[in-house]
Amino acid sequence: MALKDNIFYQNRKAIEKISNESHCEVGTATRMWAKRHGHENNRQALDEWDQACIKYMRDPKLTLADLFK
């Protein structure tokens, strides 16, 4: 699945908002969003989103903020 088709990627702004408002890291905010919207059992999409976040955090030229643009 392409990242743009991922339900968590599509809702990254809402996840970012939760992270900022709750003062928590993106993984926690993602799971909060998933619980609120009934996607907590969507393991494949969640795993893909987690891997994308890790990729951006480890990239020497990108930051996690770039993922949320």
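**Close-up views of a predicted model**

View 1. Arg12 is a residue of helix α2 (helices are DSSP runs of H or I with at least four residues, numbered from the N terminus). The model is predicted: local features need pLDDT of at least 70 and side-chain atom pairs count only at pLDDT 80 or more, while totals for chains, interfaces and linings use all residues. Residue numbers start from 1 along each chain as its sequence is written, and side-chain values use heavy atoms, with hydrogens and water left out. Arg12 is buried but has no salt bridge; the nearest side chain of opposite charge, that of Glu16, is 7.6 Å away. Buried means under 20% relative accessible area, exposed over 50%, and partly exposed in between (1.4 Å probe, protein chains only). For charge, Lys and Arg count as positive and Asp and Glu as negative; His and the chain ends are not counted. A salt bridge is a side-chain nitrogen of Lys or Arg within 4 Å of a carboxyl oxygen of Asp or Glu. A polar atom of the Arg12 side chain lies 2.9 Å from the backbone oxygen of Lys69. Apart from neighbours within four places in sequence, Arg12 contacts Trp49, Leu67, Phe68 and Lys69 (contact: heavy atoms within 4.5 Å).

View 2. The 16 residues of α4 (residues 43-58) should span 22 Å at 1.5 Å a residue, and the end C-alpha atoms are 22 Å apart, which agrees; the expected span is 1.5 Å times one less than the number of residues. Ala45, Leu46, Trp49, Asp50, Ala52, Cys53 and Tyr56 of α4 are buried. They cover an arc of only 160° around the axis, and therefore lie on the same side of α4; the arc is that of the directions from the helix axis to the C-beta atoms. Gln44, Gln51, Lys55 and Arg58 are exposed on the other side. The buried residues of α4 pack against α1 (7-10), α2 (12-22), α3 (26-37) and α5 (64-67).

**View 3. Salt bridges.** Asp66 pairs with Lys69 at 3.2 Å, N to O; Asp66 is partly exposed at 23% relative accessible area, and Lys69 is exposed at 64%. Asp5 and Lys4 form another salt bridge (3.6 Å, N to O), in which Asp5 is partly exposed at 40% and Lys4 exposed at 58%. Between Glu21 and Lys17, the closest N and O atoms of the salt bridge are 4.0 Å apart. Both residues lie in α2, 4 residues apart, about one turn of the helix, and Glu21 is exposed at 53%.

Conventions:
Helices (H or I, at least four residues) and strands (E, at least two) are DSSP runs, numbered from the N terminus. A polar contact is a pair of N or O atoms within 3.5 Å; within protein, one must be able to donate a hydrogen and the other to accept it, and residues adjacent in sequence count only if both atoms are side-chain atoms.
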